[in-house]
Amino acid sequence: MKPWSRYNTLFRSARNGWFLYNALSGIMLELDEAHYRIACSLRDAKRLSSGDIDNGFMELLEKKGILAERQDEQLKLMESRYQRNATCFSTATLSLTICPTLACNFACPYCFEQSQNDETIMRDETIAALAEFIKQHHDARTLTVSWYGGEATLAFDVIDRLTKKFIELYPDYDNAGMVTNAYLLDQEKIDRLKALKITSIQITLDGSEATHNKRRMLKNGGATYERILHNIDLLMNSSWEGSCAIRVNVDKTNQEEYAALHTELLERYKGKDLSVYPGYVNTFEGHDYSDQCGFDNSDRAAFTLNQYQKEGIVPKNGFFPGSGVHNTCAATNHYFYVVSPNGELYKCWEDVGQADSAIGSVHEDKFVTNPELVARYSIGTDPFNDSGCMECRVLPICGGGCVRKRLRRQHYGEKGIDYCSPLKESLTDYLDAYIDTWQTKQICDEVLGKGGSPSMEQGYRMVQPEEKKGEAETMPS
């Protein structure tokens, strides 16, 4: 018999019974009490009596990797590492996050850019150098761009001029995104979005109108909420065919306002391609706003679960953990760059404007002048090089966490930085919440005649991946 996998989580849900989950295979089973006891014995390496052995169940556990040899699991992780590296070093797509300016018309207290005070707008020579930089990446088949800042709409003409150059270089270029506070996103700019190939926009709000206006005010202290909402109205009622995501910044001071705003916005823009999600305020060490207000991992998990339990709000991607081992951060990718207004190159948009974090410049003959930092981001943050990660039961669904935080903690010795996923401490709670949504879906499907729940006749059934009709008969018996 193969041993119990280190990636298993066996638990009892207070409302729904007994469950067994494996993070490496992504398998979840529901068990009756008898099979739960068998699983407990396997976990604790206790000898099973002949009366307890269910051959079909044991066969299923081995087939799904719940019972697995350590070397077999190492091979699966090796495959995932290969996939991560293939993604990191792919040259198929050149991905750019471009800051046409770092200037901003807001004075948000938590902003990581607040100390930069750089009013530079990208100049002609930098625009030309950036176009040449793109041209030199001739093996890239596609180009993707995200407009960032500062506030990108303060340099809208730069966006226009660069877009024309992008289309010359990549005639199929058509999927840019933009992050904006939307204060200046008036009808004139909205009417230009299609020509600028901007198909997705992220806009930030910070809670109720009163709270938002205290946190996301103009530099002169003026209110912004009403005008932003007016501009969102213009956007969503225009002929623009893109998607809009409203990010609601959440921390300890405004978390109670999220549910009401979430409901209000989805109702206001019902039938439109608009989504609402929480963004967690997280500042750098020593920031005045950090310790008292910012969310740590436990706060994030508690907030997410509380929103579901009290308000019925399910995260965009649900509660069931997806595979994270080869879902790499863009900062690790060889052909991903953040471009500042003066042409400096970075690997993370939170580094922009910090000269010691630049990896090069579009103005240099050899664009990358700090290959050591590039290596730190791509190789130095690899969780497969971290013995702690390799022993962690959530590695397959975590993928190593935030690479910038990992870099700051492990390579530069910054304290108080937690780069792990909230799943490390709250996996069972997330799985329990998923089970609740799954059970609700099974009941609804049965009522609507879309099929019933998988049978528990054998004393166990598959919860994830969900079985298609007719598949239950193929399970071992």
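A crossing is left-handed if the near helix is turned anticlockwise from the far one by less than a right angle, and right-handed if clockwise. Keep that in mind for helix 4, which passes helix 5 in a right-handed crossing.

Some ground rules. This is a predicted model, where local features need pLDDT of at least 70, side-chain atom pairs count only at pLDDT 80 or more, and totals for chains, interfaces and linings use all residues. Residues are numbered from 1 along each chain as its sequence is written, and side-chain values use heavy atoms, with hydrogens and water left out. Helices (H or I, at least four residues) and strands (E, at least two) are DSSP runs, numbered from the N terminus.

Back to the pair. Helix 4 covers residues 124-136 and helix 5 covers residues 156-169; their axes sit 11 Å apart, at about 25°. Axes are lines fitted to C-alpha atoms, for helices over the stretch in contact, with angles from 0 to 180 degrees between N-to-C directions. The two helices are therefore roughly parallel (angles under 35 degrees). Who touches whom? On helix 4, the residues include Ile 127, Leu 130 and Ile 134; on helix 5, they include Leu 162, Phe 166 and Leu 169. Contact means heavy atoms within 4.5 Å.

Next, Arg 404. Arg 404 lies in helix 15, residues 403-411. Is Arg 404 buried or exposed? Arg 404 is buried, at 10% relative accessible area (buried is under 20%, exposed over 50%, partly exposed in between, with a 1.4 Å probe and protein chains only). Not counting residues up to four places away in sequence, Arg 404 touches Cys 348, Glu 350, Asp 351, Gln 354 and Tyr 377.

Technical notes
Angles under 35 degrees count as roughly parallel, over 145 as roughly antiparallel, 65 to 115 as roughly perpendicular and the rest as oblique.
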